[in-house]
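Here's a quick briefing to read alongside the structure. Have the model open and follow along as you go.

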Amino acid sequence: MTEKPEILAEKPNLMLDAFTEHGDVLSEVLDIVHVRGERALMMAPEGPKTVTFPNAMPCIHIVEHGEIVIRIAGEPESVIVGPNQLALLLRGHVHQVDYGKGGQVTHIDTVIEQIINSDGLQFGSNNATRWFWGSFSLYGDLADSVLSGLPPVIIIRDLKQDPIEWLEMGCQIIVDETRGKKPGANVMVSRLLDLMLVQILRRWARDAETAPGWLASAQDERIGRAITAMHGDCAHDWNIEALADLCGMSRSSFVTLFEKVMGQAPGAYLREWRLARSAKLLRYSGATIENISEQVGYTSKEAFSRAFRKRFGKSPSTWRAAQ
């Protein structure tokens, strides 16, 4: 469907912000990028040690006791994470974790191989420093855009005074499931890591001074109504007046608030959302390109193809084949 000019103001580096049809922004973001919990270990290396983590390995480090130092490639400052604190690196930056001021360098894949071969779950047996590590996989083509608003590392430091619901229990269940090698343990670990990630992002969004639109918007009920409407029927020819009416606001007030919360104009957001949905349909459904273009609000296959090529650098058919 052809969008009206007044809602199509362009902004650079647009973020693929997302809500579900019921306004659940976080669920939709994680669904779009296909976040999936992968692996988990307890880390307690003896002596000074440095563990390296490659690019595109999103993960969390939750320190039980002692402290670790995280050094992120390209970042000038290291981050110290102490007891009852956690670090989330959801964008998967290359980083290393130093224990005891750093020492012998070991790749995380080597650590995992040693653990598997020793039939254990914990790397080392040091009582001074112990932390939980869990990793995630992401669907890279969309993840870079969706997660671009996140900082390289998110730190939460008050887990003892203000614990995150289920976090400690989730770590313990993962340890028990993996150690016991129960049927379905891999699925349990994956789902529990997913739950832990949701809880961590909820906490960060609650306390962060700034957050990407897809998290900050969840705090504003009026903008939530507009997002819910656009996601409930993205093929509809939405205009600013209709969206402002849904929010009980004037046109100018709605546009101002939308841009403040979401970081982009309503039309730019809607266009990005349509293309994000189309990419997901191209990858995971057997629908024709013409049908998909109609589902996401374009009046012609040609108009959809032009917009898709501009966004992803390939035609829909070429992009689909590459997946």
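This is a predicted model: local features need pLDDT of at least 70, side-chain atom pairs count only at pLDDT 80 or more; totals for chains, interfaces and linings use all residues.

Residues are numbered from 1 along each chain as its sequence is written, and side-chain values use heavy atoms, with hydrogens and water left out.

**The big picture**
- The protein has 13 helices and 11 strands; these are DSSP runs (H or I, at least four residues, for helices; E, at least two, for strands), numbered from the N terminus.
- Of its 323 residues, 51% are buried, meaning under 20% relative accessible area with a 1.4 Å probe, protein chains only.
- Take the contacts (heavy atoms within 4.5 Å) with a separation of 6 or more: 77% of them join residues 24 or more positions apart.

**The nonpolar core**
- A nonpolar core is a set of buried Ala, Val, Leu, Ile, Met, Phe, Trp, Tyr and Cys residues joined through side-chain atoms within 4.5 Å.
- The largest one here has 96 residues, and Phe132, Trp133 and Phe254 touch the most other members.
- In soluble globular proteins, nonpolar side chains tend to be buried together.

- Ser135 sits in strand S10 (residues 130–137), and it counts as buried because its relative accessibility is 1%.
- With neighbours within four places in sequence left out again, Ser135 is in contact with Arg36, Gly37, Glu38, Arg39, Met57, Pro58, Cys59 and Leu193.

**Helix pairs**
- The axes (lines fitted to C-alpha atoms over the stretch in contact, with angles from 0 to 180 degrees between N-to-C directions) of H7 (residues 221–232) and H8 (residues 240–247) come within 8 Å and cross at roughly 130°.
- That makes H7 and H8 oblique to each other; angles under 35 degrees count as roughly parallel, over 145 as roughly antiparallel, 65 to 115 as roughly perpendicular and the rest as oblique.
- On the H7 side, Arg222, Arg225, Ala226, Ala229 and Met230 meet Leu243, Leu246 and Cys247 in H8.
- H10 (residues 266–284) and H12 (residues 301–312) have axes that come within 11 Å and cross at roughly 95°, so they are roughly perpendicular.

How values were computed. Buried means under 20% relative accessible area, exposed over 50%, partly exposed in between (1.4 Å probe, protein chains only).
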